[in-house]
Amino acid sequence: TTQPIITFHDGHSIPQVGLGVWQTPQEIAAPTVRTAIAAGYRHIDTASGYDNEEGVGEGIRSSGLDRKDIFVTTKLRNTDQGYDNTLRAFDGSLKKLGLDYVDLYLVHWPSPHRGLYTETWKAFVRIKEEGRARSIGVSNFYPEHLERIIGETGVVPVINQIELHPDFQQKAAQEAHKKLNIATESWSPLGQGQFISNPVIGEIARKHRKTPAQVIIRWHVDTGLVVIPKSVTPSRIEENFQVFDFKLDADDMAAIAKLDSAGARMGPDPMTAAF
Ligand code: NAD
């Protein structure tokens with residue numbers, strides 16, 4: 001399968017489209033991951049907090065592919081922040097996944113009220129130096145959080161995974177990341193599925209004879225984002241990966257740019273989230 005990749009500033013690269021497995025129960029995580037890999041996905045996005053790392057690891061092992069051909073991301077749970085806790089939690093994630101390294105380890109949320117994300121990042125730097133995470137990054141960080149960890153360690157995260165969909169395009173964050181050489185990754189790329197019924201998206205989908213989900217995923221790809229749509233339904237998992245046989249044109253991109261309505265966040269605001 002030829003599929004687009006984004007190369008990080010540390011030299012490693014990530015397949016631009018991956019499978020998200022939030023709210024994918026442990027019992028179905030393995031078959032879901034196998035379905036995705038059979039459909040061509042080479043990138044899986046999980047987290048300690050999704051409570052399905054064992055199933056994800058089993059899905060990868062039973063996929064018939066070499067481990068090295070799959071890009072695996074996991075994330076640190078907020079309650080495990082802090083230097084020693086992070087090292088311990090990372091060992092736990094590797095054990096649950098049944099892997100000896102992950103491709104990408106992310107700080108799931110800055111959780112500013114804990115005041116621990118800088119100490120946490122120092123542990124991430126060590127994990128990267130040990131080669132047990134090929135790359136390290138963050139999620140839900142505002143530019144001020146990024147500047148703080150970079151200022152204190154000199155180590156720039158390779159990626160920031162943030163809420164991003166056509167009606168919440170996060171242009172300021174995308175610009176800030178570009179300046180720092182940080183890739184941007186979209187979570188809830190389909191607006192948790194709710195943006196699929198948007199009429200502008202529907203019209204573009206009809207024009208290209210694709211589905212609305214495919215148009216939205218293609219928009220993320222054409223915008224230069226890493227994108228991790230979630231589904232547990234085999235036909236949708238396949239559909240969401242069939243996005244490499246068409247391209248949005250300038251009119252489509254202009255129409256979708258207009259859908260941005262700043263403030264249409266669906267998830268919690270990372271600055272104030274008290275978890
Ligand atoms: P999403 O935007 O990917 O939407 C998923 C939902 O859309 C599905 O549950 C389904 O209802 C619907 N859907 C999917 N494919 C469809 C299709 N082809 N046709 C019609 N409906 C379809 O939402 P998400 O799960 O919130 O986000 C994706 C991934 O992002 C997660 O699984 C997780 O890996 C990641 N994520 C990360 C964070 C974070 O804090 N870092 C937060 C939320 C999600």
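In these legends, Ala, Val, Leu, Ile, Met, Phe, Trp, Tyr, Cys and Pro count as nonpolar, Asp, Glu, Lys and Arg as charged, and the others, Gly among them, as polar. The model is predicted, so local features need pLDDT of at least 70 and side-chain atom pairs pLDDT 80 or more, while totals for chains, interfaces and linings use all residues. Residues are numbered from 1 along each chain as its sequence is written, and side-chain values use heavy atoms, with hydrogens and water left out.

**View 1. The shell around the ligand.** The shell comprises 11 nonpolar, 10 polar and 5 charged residues. Of these 26 residues around the ligand, D45, S139, S188, L190 and N240 come nearest (a residue is near if one of its heavy atoms lies within 4 Å).

View 2. A polar contact is a pair of N or O atoms within 3.5 Å. A side-chain N or O atom of D45 is 2.7 Å from an oxygen atom of the ligand. The backbone of Q192 places an N or O atom 3.0 Å from a ligand oxygen, and a polar backbone atom of G193 lies 3.3 Å from an oxygen atom of the ligand.

**View 3. An aromatic pair.** Rings of Phe, Tyr and Trp (its six-membered ring) pair if their centres lie within 6.5 Å; planes under 30 degrees apart count as stacked, over 60 as edge-to-face and the rest as tilted. The structure holds 9 aromatic pairs. The ring centres of W109 and F275 are 5.0 Å apart and their planes stand at 80°, so this pair is edge-to-face.

How values were computed: Polar contact = N/O pair within 3.5 Å; in protein donor to acceptor, adjacent residues only side chain to side chain.
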